[in-house]
Amino acid sequence: MKQLVLYLTVLIILLWLSECYCGEGSTSCHFDHDGIKICNCSSLFAQRNGTCTETCFSDRHCKGRAVCRMGEGGAANFCECPPNYEGEDCEINSLCNRIKPSCYSRGATCEIIDSTAFCRCKPETAPDPVTGLCLYICTFDKCLHGKCEVVGLGYRCKCDDGYTGHRCETKIRSEFNLLQFVVLASTNAVIILLLLGILCLACRRRDKNFV
């Protein structure tokens, strides 16, 4: 019987000690007569919600997006997440968490502008007016004979030589004007006359040799 009482006493003490824990920044912990936990915190720490929490003096002492704010009662300042942010370093936006699945299903990402969350398509993509999905703006069939370039939410085609049109679908016809024809014909005529002259000169020399 004595052993059972001793065991229960030790168990109660261990449970009491485990409940009275104020975190790594505490020097001691105890309960007062009303059963309220009292934390004795080390320097640069103060009790907050039953735990010794690190204090701050300005926003630069806080991590991530956290800001330095006065705690309840005004006894100390603590790092807190601004509205709509959560996480250890306030890196998680709660507004985006609500619509993130919808954004991801469309191939988009969540962005915050003026405290409002919305889905935005990634670079070089745009929302399809029918499905709402983010689709690539430049696809293989956009420019038939040229290179597709993204311009805002649209595109333009940089056509290959000899092609024109919005999709580079039209082949440019070369205009063979009269002047070019005359120059080419004259050049050919001169060449032919020179060849005939050379041929005639060669024939005369051969006839003289026979005589």
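View 1. Cys81 is partly exposed, with a relative accessible area of 31%, whereas Cys90 is buried at 2%; here buried means under 20% relative accessible area, exposed means over 50%, and partly exposed lies in between, as found with a 1.4 Å probe on protein chains only. The sulfur atoms of Cys81 and Cys90 are 2.0 Å apart and form a disulfide, a term used for a pair of cysteine sulfur atoms within 2.5 Å. This is a predicted model, in which local features need pLDDT of at least 70 and side-chain atom pairs count only at pLDDT 80 or more, while totals for chains, interfaces and linings use all residues. Residues are numbered from 1 along each chain as its sequence is written, and side-chain values use heavy atoms, with hydrogens and water left out.

**View 2. The disulfide of Cys41 and Cys52.** Cys41 is joined to Cys52 by a disulfide with an S to S distance of 2.0 Å, and because the torsion about the S-S bond is about -85°, this disulfide is left-handed. The pair links distant parts of the chain, since Cys41 belongs to strand E2 and Cys52 to strand E4 (residues 51-54), 11 residues apart; strands (E, at least two residues) and helices (H or I, at least four) are DSSP runs, numbered from the N terminus.

**View 3. Leu44 and Cys168, two residues with positive phi.** Leu44, although not a glycine, has a positive phi of about 70°, and it lies in the loop between strand E2 (37-41) and strand E3 (45-48). Cys168, also not a glycine, has a positive phi of about 55°. Leu44 is exposed at 52% relative accessible area, whereas Cys168 is buried at 0%.
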